[in-house]
Structures are given as structure tokens and as C-alpha cells.
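Hello,

Here is the structure I promised to pass on to you. Please open it beside this email and follow along as you read.

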Amino acid sequence: MDSPVITLTTDFGYEDPFAGVMKGVILTINPEARIIDLTHGIRPHDIREAAFTIGMNYKYFPDGTIHVVVVDPGVGSGRRPVIIETGKHYFVGPDNGIFSMVYNMEPGAYRVINISSEQYFLSSKSPTFQARDVFAPVAAHISRGVGPSDFGGQIEDYTRILLPAPVMVSEDRLKGEVILIDRFGNAITNLSMEEISKLYDSNPEGVLKIFLKGREVLLLGCYSEARDKGIYSLINSSGYLEFFMYMGHASSENGISIGDNAEIVITGRTGQA
Amino acid sequence: MDSPVITLTTDFGYEDPFAGVMKGVILTINPEARIIDLTHGIRPHDIREAAFTIGMNYKYFPDGTIHVVVVDPGVGSGRRPVIIETGKHYFVGPDNGIFSMVYNMEPGAYRVINISSEQYFLSSKSPTFQARDVFAPVAAHISRGVGPSDFGGQIEDYTRILLPAPVMVSEDRLKGEVILIDRFGNAITNLSMEEISKLYDSNPEGVLKIFLKGREVLLLGCYSEARDKGIYSLINSSGYLEFFMYMGHASSENGISIGDNAEIVITGRTGQA
Amino acid sequence: MDSPVITLTTDFGYEDPFAGVMKGVILTINPEARIIDLTHGIRPHDIREAAFTIGMNYKYFPDGTIHVVVVDPGVGSGRRPVIIETGKHYFVGPDNGIFSMVYNMEPGAYRVINISSEQYFLSSKSPTFQARDVFAPVAAHISRGVGPSDFGGQIEDYTRILLPAPVMVSEDRLKGEVILIDRFGNAITNLSMEEISKLYDSNPEGVLKIFLKGREVLLLGCYSEARDKGIYSLINSSGYLEFFMYMGHASSENGISIGDNAEIVITGRTGQA
């Protein structure tokens, strides 16, 4: 594995030296590691946001990439450190549900290792900064070729949190919700292109209608198709339904929040025609 | 081209994974690329700020550097993706005026290519994230040695926005404006050392006076020469006139904004003496 | 020195291109340099915060690392640029006290060089951006093997600021203060595990009590041991006493500020029993 890539995803922010120190630990073990920040801007303690962020984006990294993900309000308590190995990627972090979307994306194609071999930890370890003392050094050792099994035994009772999933509330109505707000104020839902296609396939002659908190919203092809400062929707670059305001901040200017109801309805059914 | 440098300049901020994903795409195509963030802190949709930021700073990077610049409110619409090739650098981004200052800095010494060869794009492309799907992969392929002409044909009708330029309002008076505010609250103008020298050369025995919104401001050599919390000016590290408050935030504490009038007057003309 | 590591610690923030430009300058001189941001989030002009940040964290980087630290309100004035050489690390920055904690950590094991050899500076230098024109190029040249002595002569009258130090106010009472607030609102004091151990050793049968602004605070082993939203304390990952609120922001929700009084008292002395 030449010049392996290690990504970092945390809620550490950018004001403090926490992420920088992780990189120092990694380079001390493997000077050849290429370290990329996916983001350190996860909201503090928000395991769900971290789960979505890594789950939607890990596929854009090269085969063999090691993803360190640390949002860890339970650090120092009993929760276990884990490695997840899929066919192409490794994931390292706390077993607190942070990898739940990765599990969803790779059904039956991963195994979870409970990290227990302390010889790979930083010697001066503290119970409050496992990102530095456990996750960074374990990732660095994987990047040097140590196999996941060398860090501990496989487990089956790993933690999986229920991420908000779309629900078919009737045969013509798919219900989801806003799961992320980005810097531009765009509100990303959990309604994927795949789910929308299934709804459409059920009635190919129907017309799709999009609703945000009960109000109908037009579906456009890209941001700049909007002709005014209203709320519109599109299928975003990750393949999910997203609400936006062109050249504005939909979330703050229109009070759109995480958890807000989003629905897709297919109308004008063939049976009714 | 060993270990080519690719810089990223965007309005993506740091809370979201957008810049991180671009890096994943680049490293998948060229594991040897060295990726440097110039900044992701351009104000959302501010093409002019991006134009100044790349225009003032690209010269500090090694020959052969590829600069990806993406502030792109029109993503997905008809505006073209382009490569600009100068003698020493490459620039990749949307043809929305973002490279206008680069054009100004390299008169007659560049060509603009309209990127059209889709084989270099990410296969799963979306209309809303060309930074990931077009600009990042194109930059990565350039860094591997693909020539600009392989991406498409040269164009002459590229977009150039009028950046605010200094105006000689009379033979002893040069008028400019504040074009950027930095983190320290310093207000950078478009009045360059070069323009100021020309004014001075026109009357070498004259005395230069600096005005901000009509109020005279002293010109100092460096920040710490200021002896109080007043507004002062200096020629900054990019060679432009800048207004500042020592150990304070000139912009927020004194209401200085982008677009504010700045003038340099040369007085005590030889003819009048 | 293959692939030497250069770290950057500044108050430049992330909105502006300052840190990016430093990296361009470094890579122009040494394309093999590996540049790591320790942080650019030091509060503007806060020399003391920079001193703590580099002093607490440099040890996590590989031997041979070159640490560039720039918080420099006096840039352009008479204050000298310096290199500090310890057995394992180099430090480059202004002689304004920023390296005071490094001096404390390496007693008798360092020397300070006054940088004066201008041939290593950027040719187009400005008095206002020595990070770009002096510190970045000097660090790059060190990373290529230029010895510290080649940059100038050793000095003894370097600047050392008095960092707030713990005081034994009586034989059973150690007084310190809050010196840093991190992103999570945790309040880090200058009371180190080492100092606390000495207090404990003076009365091994005594009981330690922690006080924040006169109010007793319980000492826990890790964040998640807290059972409510009160203020608790622990020994943090750097080995210092820290006050926190579990899943909350202790500083903003409880008005804890830098400089707040923190005390450790050992009670129930053997002599009194």
C-alpha cells in the first residue's frame, strides 16, 4: 500500500489543535500517510450527522482508504473502539452508531473488529482523547499494512442506530424528512433518487409532486433554474431530494430545520384516469 | 511533473464535506497530487472576491501548479467549464468571470480552453456539483500530464467581469475603493503600489495624502507603528493600500465596508510652489 | 531528512488565503515538505494562547518536525525573527514570547538563533507579512537541510513571557487559573497532573478537593461519567485539570472565562487525624 490515504471526520472544529495533533501521531507512525480532512465541522456530539457525512461520501476516496470518524460523547466510558472492513475501505472510530449508514450501504459486505490490542495505542494514553491515543495510531498502523484481525476479534453485537428512513405512508405517498442543512442553507432529505424512482415506476404515467411541511415545492434540475427567491427542490449531487433558495439561505430565511417533514406524492394514477 | 501541486479556492466553507470529497476524487485519479487549500472561506456566491483572491495569490505557488477555483452560483446552467493556461500555471473552474484578475495579470500570455471531453469527468456526475464531477477530475488529469488541448477547444469569448479599477479623477487625484475585508478587519483597496508610484512620479516633490470616505488617514510603514486605536493605512503584503486599526477590527469598529471610497491625492505641486 | 514535516500555528483563521500562501512559498522551496495545520484558529493577536497551544502539542509530532508559529501583532517593528532548536524539533517565528512554554518544557536543552541571513527570505518581501516572506521560507530551507546556524547568530536575550503558573498558597492549597477554553466549552487550567501529584504526595492519606471560583467541583475520570448538566472536572488528555459540562458548553452556559480562579486543596491531613 503506497501512500495510503487516511481521512478524518470529526466534530473537533478548527479553532483547537485536536485534528492537527491526530496528524502528528499518524505521521510519527507512518510518514508516508496522506491525510485528508473530510470535515471537522460536524456539530458537537452529533453522531447522526457524522453517520450521514461518512456514509454519503466515503465512496469518493480511493480503494484502500482508511476513514477515521470521531464524534464521541461517550469517550472514556465502556463503548468499544472498532474497525470496520469492507471490500475496499477501512473505518476506524467508536462503536456508538457512527458507522450505521456505512452498514446500510454495504449490506453483508463488512466485518466489525473490536480493537483491543493495546500495543498499537499511543503509550501516554488518556481516557478523554481516544482520537489521538487509539483511533489515529490504529489507522496509521493499518496504513502500514497491519491487518484488521491483528487489532482484535470480530464482533456481531456492534451498535447500529436507526437513521431516519423514508416510509411509504400509502401506495402513492413517500414520507421522509430533512436530515442535514449545509453551509448554503440547503436542506437535504433522506429521500433518495432510488426511492423516488421506485415510486415513479409504480405509476409511470403519474405526476410527481413534492411537499415540504405540507406546502408544494417545484422540482428543478439545478439551482440556477430558479427564477425567484422562493423555495425549490432538486435531486442533489449525492442523489437525494434537497430544498434550496437560489442565491439565498433556505434554512435561515425560511425556517427549515432538521426533522422537517418532506413528502413525495404521485398523482393522476392510471387507475383513476 | 513529479508531485504536482493542486490548489483549491472555493466558497464551500469548512462545515461540510464538499472540499474533502474533491480531494478524494483527485487522489483516486492521481495519488501523487499534493493538494493545498488556498481558502474555502470565500463568501457564498461572491465571484468578485474569488477573482481577487486567486489573482493576488497564485504567483506564490510553484511553476506547474493547477489552481481549481469554484464559486459557482450558475452550476448546472449553460455556463462553460474552462481551463486557463498561462506560461507557468493552470486554472480550472467555471467561466463566470472568476478568472478576470488572472486575465488582467497575464495580458496576452494565456489561452482559455472550453472543457468538453466528458471522458475525463466523474462517471456518476450530477448537475449540481461540478467541482466534484468536472473540475476536480480535470485538475487531477492535468496533474498526470494530460494537455489542456485534450480537454477541448480554445475559446475567445470567455467571460470577463469588470473588477473595480482605480480612476484618475484629476491629474493629482486617484480614486479607488475597498475591495476586500480580511479576518483582522483590515480593509484592502484596489489602489496598488504601482498606481501610487505613477501618481508620485507625476510630482516627485509633492506630498501624498490618503483619504477614506473623505477623511484623511495617515500612511504608516507597518501595523505596529500606529500609536492609538485610530484608522491608519499602509501598503500591504500584496502591494495594495490597506486601512487598519492596530490590535483592533477596523471594519466592524469603524463601519468600513466593501465599496467604500478611497482616494490618494498628491498636493503641493511644483507648478503651484 | 526525507519528507520532513512542517506544522503551522497561526491566528490567520480560515476565511483568508494567508495560510494557503505560506504553503505555496514552502512548496516552491521544498516540494517534498509535508505541511500540517496545527491550527489557524488562535484568537487574533493572542500570543499567550499560541504559546500554550504549541507548548502542549509539539511533542506529538515526529522528530525533526519544524513548527512555524505566527501570532505577531508587532510584525514589521523591531522584534526579531528566531529559530529555536531543541534536541528533536525546530521552531520558527517572531521573538515575542510565543515560544515561552517551549522554553519551559525544554529547560537547558535549546538554543535560540536570531534569523538575519536575508538570502533565505522571499525576494519580494513586505514588512507586514513575515509569515510568508521570512518564516515560511526559513522553515522550508531548514527542511532541506540548512542548519540553524546558517540563518544567524545565537542569542541569549530572547523574549520570554510569564505564563500564569500555579502557586502553593499554603502547604495544602494549590492555586491556578483557567488558561484556555476549547470548542466544546471545556475550561483548561494550568494545574498539571504533575503539580497535583506533588500535592497528593505531601499527604497521601488526604482527600483532594477541587474548587472553581470558590465552588467545589467533583473530579471524574472521563466526560461521560457525569450524570447531569452540572460542572465537573477531570484530568484532560494533555494532563491538566479541566472543567466541563457533559454534552453542554461549560464556558458559555456557566460563565467560565480565561483567568478564572481554580484551586486544589488536600484535606484531612494525617497530622489532624
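Predicted model: local features only at pLDDT ≥ 70, side-chain atom pairs only at ≥ 80, totals over all residues.

Residues are numbered from 1 along each chain as its sequence is written, chains are lettered from A and ligands numbered from 1 in the order in which they are written, and side-chain values use heavy atoms, with hydrogens and water left out.

How the copies are arranged

Two copies of a chain are related by a rotation about an axis and a shift along it. What superposes chain C on chain A? Again a rotation of 120°, with 0.0 Å of shift along its axis and an RMSD of 0.0 Å. That is the relation of a three-fold axis. In chain C, the C-alpha nearest the axis belongs to Tyr14(C), 4.9 Å from it. Only 7% of the interface residues of chain A are also interface residues in chain B, so the copies meet through different surfaces.

Where chain C meets chain A

In this interface, 30 residues of chain C are in contact with 33 residues of chain A (contact means heavy atoms within 4.5 Å). The size of an interface is often given as the accessible area lost when the parts come together. Between chain C and chain A, the buried area is about 2,500 Å², and carbon and sulfur atoms give 60% of it (this is the accessible area, with a 1.4 Å probe, that two parts lose on being put together, summed over both). Tyr60(C), Arg183(C) and Phe184(C) supply 29% of the area that chain C buries against chain A, more than any other three residues.

How many salt bridges are there between chain C and chain A? The count is one, where a salt bridge is a side-chain nitrogen of Lys or Arg within 4 Å of a carboxyl oxygen of Asp or Glu. The side chains of Arg34(C) and Glu32(A) meet in a salt bridge, at 3.3 Å from N to O.

A look inside chain A

Chain A has six helices and 15 strands; these are DSSP runs numbered from the N terminus, with helices (H or I) of at least four residues and strands (E) of at least two. Its C-alpha atoms fill a box of roughly 70 × 40 × 35 Å along the principal axes. Of the 273 residues in chain A, 63% are buried (buried means under 20% relative accessible area, exposed over 50%, and partly exposed in between, with a 1.4 Å probe and protein chains only).

Ala139(A) counts as buried because its relative accessibility is 0%. Leaving aside neighbours within four places in sequence, Ala139(A) is in contact with Ile6(A), Ile66(A) and Val68(A). The C-alpha atoms of Ala139(A) and Gly221(A) are separated by 40 Å, and the two residues are 82 apart along the chain.

Enjoy exploring!

Key:
Least-squares fit on C-alpha atoms with pLDDT ≥ 70 in both.
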